[in-house]
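Let's take a walk through this one, starting with confidence and ending at a helix contact.

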Amino acid sequence: MSTLEILFYALSAFAIVSAIMVLVSKNPIHSVLWLILVFFAISGHYILLNAQFLAIVNIIVYAGAIMVLFLFVIMLMNVKKDSEPQKQLLVKFTGVIAGGSFLTLLIALVKQTSQLQGKQVLLKEGTIGLIHPLGKALFSDYVVPFEISSVLFLSAMVGAVIIGKK
Amino acid sequence: MPILYYIYLCLTLFSIGVVGVLTRRNAIIVFMCIELMLNAVNLLLVAFSKMYHGAAYLNSPTTTIGIDAQIFVFFIMVVAAAEVSVGLAIIVMMYRNTHSVDINFLNRLKN
């Protein structure tokens, strides 16, 4: 087994275990911290795929900004550890069964798709994940969506302030 | 690395997010599970982009095929950041009105 495969399996196991811990933790703050670990594992996957720009943006935006916002809101609300009313055991069981069937169905579907058999992902090489080609594409082909996203941010900011004020 | 392994990983992460949305009652954790699903989709987009890039990379190393998916991931992150700011503002407003983040309180919207 090559180093890349070992890294892939290690990062995948890390991501899945952390994602399960997000659900299992009773304390919301622990959930946020586990979710940050999931994001770091996914950033590791991006680096493995040589998508360096997205790896850094994932860490800065998700693990940096969004998760700090979550932590801030949780601490602002002073949510107690066991104040969350639990769903009935039957509802929980049904949820897990539904999610598991969803996963099984999709895996069975993907497994028999003939177009995906034997296709390989290019690890470690390729230049499309670097800043230079991405910046070129972003500011030539995708410059209109890029500018529109600034309007989106402005409207989100106005919406958050108005909702939070009253 | 075969693309199927990446698909299995992303499907697993997505399903964990679905189970979280179905089983938890804390609105913040439900919201975090939605973020988890978004990230699974992002990883899958990048993996597919590198799959198409890898097929063309062997013929010409300077090709930029597959770059669109990475731009899309970037825009998904942009939209997610905007969505989180509004969503958390709504959760804070809900907490101020009901002193709880239990999503079952929201069934008042029915009437």
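Chain B has an average pLDDT of 85, and 97% of its residues score at least 70; pLDDT is the predictor's confidence in each residue, from 0 to 100. The model comes with ipTM 0.88 and pTM 0.88. Keep in mind that this is a predicted model, where local features need pLDDT of at least 70, side-chain atom pairs count only at pLDDT 80 or more, and totals for chains, interfaces and linings use all residues. Residues are numbered from 1 along each chain as its sequence is written, while chains are lettered from A and ligands numbered from 1 in the order in which they are written.

Now to chain A, which has 6 helices and 0 strands (DSSP runs numbered from the N terminus: H or I of at least four residues for helices, E of at least two for strands). Its radius of gyration is 20 Å, well over the 15 Å that the globule rule gives for 166 residues, so chain A is more spread out than a compact globule. That radius is taken over C-alpha atoms, and the rule is 2.2 Å times the number of residues to the power 0.38. Along the principal axes, the C-alpha atoms of chain A fill a box of roughly 50 × 40 × 30 Å.

Where do the chains' helices meet? Helix 5 (residues 131–140) of chain A packs against helix 3 (residues 67–98) of chain B at about 75°, with axes 10 Å apart. That makes the two roughly perpendicular (65 to 115 degrees). Among the residues making the contact are A:L134 and B:I71.

Key. Axes are lines fitted to C-alpha atoms, for helices over the stretch in contact, and angles run from 0 to 180 degrees between N-to-C directions. Angles under 35 degrees count as roughly parallel, over 145 as roughly antiparallel, 65 to 115 as roughly perpendicular and the rest as oblique. Two residues are in contact if their C-beta atoms, placed from the backbone, lie within 7 Å.
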